[in-house]
Structures are given as structure tokens and as C-alpha cells.
Amino acid sequence: MIKKILLGILLVVVIGGGVAWFNRQAIILYYVTNRGKTDVAPNRPIEWANGPAEADMAPAERPPNIVFILADDLGINDISTFGGGIAGGSVPTPNIDRLAAEGMIFSQAYSGTATCAPSRAMLMTGRYPTRTGFEFTPTPDGMGRILNMVADPESSGLPPPDWDRARSETAPPYAEQGLPGSEITIAEVLGDAGYHTVHIGKWHLGRGDEFGPNAQGFDESLLMASGLFLPEDHPDVVNARVDFDPVDIFLWARMQFAASFNGSDWFEPGGYLTDYWTDEAVNVIRANRNRPFFLYLAHWGVHTPLQATREDYEAVGDIEPHRERVYAAMIRALDRSVGTVMDELEAQGLADNTIIVFSSDNGGAGYIGLPEINAPYRGWKATFFEGGIRVPMFLRWPARIAAGSRSENPVAHIDVMPTLAAAAGASLPQGVAIDGVNLLPVAAGEGEVSRADDAIFWQSGYYRVIRQGDWKLQVSERPDRAWLYNLAEDPTEQTNLAERMPQRVAAMRALLDAHRAGGREPLYPYTIEGPVAVDRSLAERVEEGDEVIFWPI
């Protein structure tokens with residue numbers, strides 16, 4: 001009798017274990033979805049601080065207003081400025097194109113790195129991670145474990161993300177993985193010069209008393225508290241899940257529709273996130289029309305989760321697959337935002353003496369499964385091939401920069417901070433090494449970019465890159481390999497010259513080593529190593545012989 005009971009219990013355990021195994025993703029996602037959610041209050045109006053009712057001097061006589069619009073994960077081929085555009089060019093970006101045409105196009109512009117947060121830190125400080133220590137993108141608590149468990153190597157042909165439990169346990173909490181308060185941001189520099197400083201949107205540089213926007217020089221901050229553009233069941237939203245992407249699976253399970261103002265409790269945004277932030281940007285411009293202001297409008301679009309308004313979805317036409325149609329609709333909303341901001345500056349009589357900078361934090365992501373978004377360049381977000389770091393960067397200032405200007409100088413996000421400080425007549429922080437250079441002389445047609453060793457550096461752990469003149473060297477330890485390209489002759493990185501030119505590789509590697517040797521250690525360890533196929537989107541199965549790199553996060 002006891003044997004029968006024990007056998008019965010064992011059978012139940014085996015069957016239950018088998019059921020749990022085959023339904024493990026659903027169980028994991030149920031746990032993630034119902035853990036750690038924050039209460040979200042109803043929407044409430046934002047009471048922006050108002051500047052003077054009357055201006056002390058005309059707009060042309062004041063220091064220039066500055067509006068910095070940053071997109072998220074925007075592929076260089078997502079906009080029509082360079083002759084391309086999403087869905088074969090069927091969805092143009094006329095407002096972004098207009099912004100570019102009315103100022104300076106930097107045709108060889110680079111992000112600070114190939115993922116979100118460190119790139120944003122370089123934009124804010126003008127400094128490399130070797131100086132700040134802010135080298136890896138913070139990920140929400142538990143994300144690495146979930147990605148490792150829900151990845152599907154059989155379908156993708158890629159190994160699962162390599163999650164390091166020991167490093168995860170030593171890393172500080174997500175909210176404390178931030179840019180140190182001792183770093184001086186462009187908001188602090190401009191604030192000291194008399195500017196009113198406002199942040200709207202994504203931050204991703206930590207939260208709280210030391211790390212949040214209000215602690216880093218912004219007088220006011222309307223923060224993206226979580227990550228949905230609209231509630232998933234909203235009647236005006238069209239969603240596109242990317243079920244083959246572990247990151248997308250995690251985001252849909254964990255994200256909420258929420259905002260915070262100056263550190264307040266969470267509340268619902270007042271509409272589709274891109275449009276809501278744009279409406280509030282208009283309110284900021286109106287509130288500050290009579291004083292110099294710096295507006296950092298950091299959009300979440302076109303990052304996943306893919307969500308568009310039904311109106312935009314219908315407007316872009318019959319695009320297949322469904323996720324590309326939703327993505328194209330998101331680009332339409334982003335382009336509309338740029339146009340709305342430009343129009344409001346014109347309506348307030350501020351356009352001529354307002355600097356607008358437009359860029360993206362890194363290249364387009366391969367994990368959404370759209371193969372042309374970075375064309376003609378190889379690679380994706382989370383690689384240092386051109387597709388991961390080549391980004392649009394436009395600088396419009398009608399009072400100083402001629403329309404139709406174009407520069408072939410290689411420039412990068414580290415240059416934005418010193419450029420904006422120079423434009424405002426603000427002093428750079430004393431005793432702080434700034435790695436970027438002032439681009440205003442180039443934008444005004446008065447000079448060329450000059451850097452030490454003619455070099456720009458990137459690094460994420462053991463994956464490092466230098467561009468020196470027209471030459472670009474990538475080195476990694478996973479795989480243990482070097483890639484050398486002459487970008488003047490081979491801008492799409494087709495022919496690896498590393499084995500043919502060992503002396504050049506050695507000389508450039510020496511500069512890379514010196515750059516790293518003179519720097520500080522990262523503030524916290526990377527905890528995930530994510531595999532990325534250089535030449536295939538995640539919708540395509542990786543085959544033997546395909547180039548695969550690992551990206552430390």
C-alpha cells in the first residue's frame with residue numbers, strides 16, 4: 001500500500017514537473033507580470049514653472065535657446081533624410097528631413113556607444129566611460145535571469161544570453177546603477193549660465209537623490225517611469241508583439257503606462273507617449289519663451305514594445321509584416337513630434353535663435369526582426385559595426401548655421417556637450433577633462449574637427465573599437481577576433497583587412513590599450529552577455545559560418 005502511495009506521489013511529481021517544464025515560459029511570465037508592479041494614479045496636469053511675463057530683451061539678443069531631441073533605437077535608414085526610409089521609403093519623415101535641410105548634417109555621426117544608457121551619459125557629460133565609469137546599460141532587476149530562461153536557441157540558432165548570477169548579486173540595485181552625482185552634465189553647465197533646464201522622457205541614468213534628472217541639473221523633469229506607450233488594451237492602440245525576442249517578452253510582462261514629475265509618485269501620461277511628451281514640450285516652450293531655456297526631449301520611440309496609435313497605423317498604409325507597419329507608425333509619430341516643436345518655436349518667434357539638435361542614442365535593433373533599418377550598414381544595436389553606432393545628427397541654428405550645410409568630419413555624441421556649452425557662452429567645468437570637441441566652428445564653415453590622435457573610442461567590456469581617420473579597428477574577446485576596415489573605401493565593412501595589415505592593427509590596438517589603461521574601472525559589472533548575429537535580424541535563423549558577437553550588458 002505504501003509503495004502504491006509513493007509511486008502515485010512520484011507519478012504526480014513527474015507529470016507535474018513535465019507540465020511545468022513545457023509551460024515554463026508562461027509560469028515565468030506570470031511571476032514577472034505579477035511581481036513588483038507600482039500603483040499608478042490617474043493623469044494629472046503638469047504645472048510647469050513660468051518664466052518672466054515680459055522679456056528683458058529680444059530673442060535675437062539673448063543666448064540661444066537649446067532643444068535637444070533624442071530618439072531611441074532609431075535606425076539610420078528609418079528616416080528619409082539620406083534617401084531611404086522605413087518600408088522601402090513608403091513612409092517619409094518630412095519634418096526630420098526639414099530640420100536636417102535647414103542646418104548642418106553630420107554625415108558621419110556616431111553614438112557614444114551601441115546601447116542606450118552609456119550613450120546618454122556621454123551626451124550629458126562629453127566624457128568617455130573610461131572617465132565616468134558608466135560603461136554598461138543598467139537592466140531591471142531579474143531581467144538577465146528571465147532572458148536566459150525564455151530565449152529559444154532552437155528557433156534562433158543563437159545561444160541563450162549568458163547571465164552571470166554571481167555578478168548580478170554583487171551589482172547595485174537597478175535604480176542605483178546611475179551616472180555619479182559628481183559628474184557635471186550639460187544641464188548643470190547651462191543652469192550655471194542662467195538657463196532654465198527641462199527634461200522630458202527617458203533618462204536611464206539612475207534614479208533618486210544622486211542619479212535622477214533633478215539631481216543632475218534639470219530644474220524640472222517629466223520622467224518616463226516605465227515603458228508602455230499606451231495601456232495594452234487601450235481602444236486607440238495597435239500592438240505588435242515580437243515573440244521571438246526575449247527582451248520584448250520581458251518588456252510586455254513588466255512595463256506599465258506611467259510617468260513621474262519632479263520625483264512624484266507615478267501617474268498615467270495624458271495620451272500616447274510620443275504625442276504626450278510633445279504636447280508638454282510645447283507647454284515648456286510657451287512657459288519659457290521670455291528666457292533662455294534648455295529642453296532635453298528624450299523620446300522612447302522607436303524602442304520596443306512596439307505600440308502605435310490606430311490613426312498612425314492606418315495612415316502608413318498596408319505594410320507587411322504587421323510589426324513593420326506598427327514600427328513605421330511609431331516613426332510617423334516621432335517625425336510629427338519634431339515638426340510640432342519646430343512649428344511652436346516659429347509661432348513664438350524663437351526659431352531663428354534656437355538651436356535644435358536631433359540624434360538617436362544608437363543604431364536600430366536587430367531583435368525587432370526588420371532587416372533594412374540600418375541599411376546599407378552592417379550590424380545592429382549592441383554591436384560596434386556601423387549599423388550599431390552610425391546615427392543621424394543634425395544641428396539647426398538659423399542665426400549662425402547656413403541651411404544646407406554638410407560635414408563629412410567624423411563626430412560623436414561626446415561632442416554634443418562642449419558644442420552646446422560653447423553656443424551658450426557657458427564655461428566648461430574647471431578641472432574636468434572633456435573628451436568631446438566643440439563642433440560650432442565646423443557647423444559655421446570655419447574649420448575642421450581636430451582630436452588627439454585623430455581618434456574616437458568605444459568600448460563595452462572586452463569589446464572595443466577605435467576609429468582613427470578613415471580606419472576603424474574592432475577587437476573582441478568573444479569571439480577572440482579583430483576587424484579592420486578602411487571606411488573611405490569600404491564604408492559598409494565588407495572586407496576585413498586585419499590579417500593583411502598586422503602593423504596597422506598593432507598600432508591602433510596600442511591606442512586602444514592606452515585609452516583603457518588610463519581610465520577608471522566600470523562602476524558596476526556587466527551581468528549579461530548577449531549574442532548578436534551581425535548580418536541577420538533576430539527573425540532570421542543563424543546558420544553555421546554567420547558572424548556572431550557577444551555584447552556585455
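Predicted model: local features only at pLDDT ≥ 70, side-chain atom pairs only at ≥ 80, totals over all residues.
Start by selecting residues 322-347, which form helix H14. At 1.5 Å a residue, its 26 residues should span 38 Å, and the end C-alpha atoms lie 37 Å apart, which agrees. Colour the helix by accessibility: 19 of the 26 residues are buried, so H14 is largely enclosed by the rest of the structure. Just after H14, pick Gly-349, where phi is positive at about 70°.

Glu-314 belongs to helix H13 (residues 310-315) and Arg-325 to H14, so the pair ties together parts that are 11 residues apart in sequence. Glu-314 is partly exposed at 49% relative accessibility, whereas Arg-325 is buried at 11%.

Now select Arg-451 and Asp-415, whose side chains meet in a salt bridge of 2.6 Å, N to O. Arg-451 sits in the loop between helix H17 (440-443) and strand S15 (455-460), and Asp-415 in the loop between strand S14 (411-412) and helix H16 (416-424), so this contact ties together parts that are 36 residues apart in sequence. Both Arg-451 and Asp-415 are buried.

Move to Arg-241 and Glu-232, another salt bridge, with an N to O distance of 2.6 Å. Here Arg-241 is partly exposed, at 44% relative accessible area, and Glu-232 is partly exposed at 36%.

Finally, select Asp-72, Arg-120, Lys-202 and Asp-361 together; a network of salt bridges links them. Over the model, the count of salt bridges comes to 28.

Technical notes
Residues numbered from 1 in each chain as written. Heavy atoms only, no water. Helix = DSSP H or I, 4+ residues; strand = E, 2+ residues; numbered from the N terminus. Expected span 1.5 Å × (residues − 1). Buried < 20%, exposed > 50% of the residue type's maximum accessible area, 1.4 Å probe, protein only. Salt bridge = Lys/Arg side-chain N within 4 Å of Asp/Glu carboxyl O.
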